[in-house]
Amino acid sequence: MSKSPIAKVLGGPTGHFPVEAEIVGYLANTWSVPTLLVAFAAGWVVILGATNLLVKRHNPTLGSDDKAAILWFVLSGTIHLFFEGYFSYNHTRMAGQQDFFGQLWKEYAWSDSRYLTSDPFVLCMETVTAALVSLGQIYGDILYYATSMFDHYYKGITYCRPEAYYFWGYYFFMNFIWIVIPGYLLYSSIKASGRAFQALDKQSKSAQGNGHAKKKN
């Protein structure tokens, strides 16, 4: 059965894509998008602001890179444990959730309707990454992009609405952050480990040299 031109533009009964997506018990959000985004941002200002004050109080000489890493891990950990944990716990009834986190997830679901259909991969990815950092985030995001693109190009299934800001703003940008920053932190960790091994190697060679000198004496 072919899809009507209207369905291709408006989506299924709830407006989501693909048209045939079965979204049971869907309730439209009661909060506007600006209200959701402002409330979400305000929460992060409070959390990161409090973290920054604690860091300055307990270690005022901490470098800016280390401070930024701490703020990132607080941000990342809070999102994984509470926001993604909320999704893992409520995935079967997400479409009808009307609390703050529920409406945030439903807004994001305009860019990927799998979050409203208990999709096995999305559920597993969000649950697993709730307990992982850096490498796990990169791995999860790559698989997230890959499965969605595979369905789009090889099966002709699109989970995102056609408006560009849902794809580029929600689907691409909000997930790409979790590749760039963990990737940078992972790179920094590898460099720091390399410097530590080099210093240890120099110290070992120096100790060996001193030992040989003492034997000659």
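Predicted model: local features only at pLDDT ≥ 70, side-chain atom pairs only at ≥ 80, totals over all residues.
The chain holds seven helices and zero strands. Of the 217 residues, 32% count as buried. Contacts were also sorted by separation along the chain. Among those with a separation of 6 or more, 64% join residues 24 or more positions apart.

Helix 2 covers residues 33-58. Its length was checked against its number of residues. At 1.5 Å a residue, the 26 residues of helix 2 should span 38 Å. The end C-alpha atoms of helix 2 are 38 Å apart, which agrees with that expectation. Five residues of helix 2 are buried: Leu36, Trp44, Thr51, Asn52 and Val55. The cover over these buried residues includes helix 3 and helix 4.

Two packed helices are described by the angle between their axes and the distance between the axes. Helix 2 packs against helix 3, residues 64-90, at an angle of about 140 degrees. The axes of the two helices are 10 Å apart. This angle makes helix 2 oblique to helix 3, because only angles over 145 degrees count as roughly antiparallel. The crossing of helix 2 and helix 3 is right-handed. On the side of helix 2, the contact is made by Trp44, Ile47, Leu48, Thr51, Asn52, Val55 and Lys56. Helix 3 contributes Lys67, Ile70, Leu71, Val74, Leu75, Thr78 and Ile79. By class, this contact has nine nonpolar, three polar and two charged residues.

The axes of helix 3 and helix 4 come within 10 Å and cross at roughly 80 degrees. Helix 3 and helix 4 are therefore roughly perpendicular to each other, since angles from 65 to 115 degrees fall in that class. The contact of helix 3 with helix 4 has seven nonpolar, one polar and one charged residues.

Definitions and conventions. Residues numbered from 1 in each chain as written. Heavy atoms only, no water. Axes fitted to C-alpha atoms, helices over the stretch in contact; angles between N-to-C directions. Helix = DSSP H or I, 4+ residues; strand = E, 2+ residues; numbered from the N terminus. Parallel < 35°, antiparallel > 145°, perpendicular 65-115°, else oblique. Left-handed = near helix turned anticlockwise from the far one by under 90°. Contact = heavy atoms within 4.5 Å. Nonpolar A, V, L, I, M, F, W, Y, C, P; charged D, E, K, R; others polar. Expected span 1.5 Å × (residues − 1). Buried < 20%, exposed > 50% of the residue type's maximum accessible area, 1.4 Å probe, protein only.
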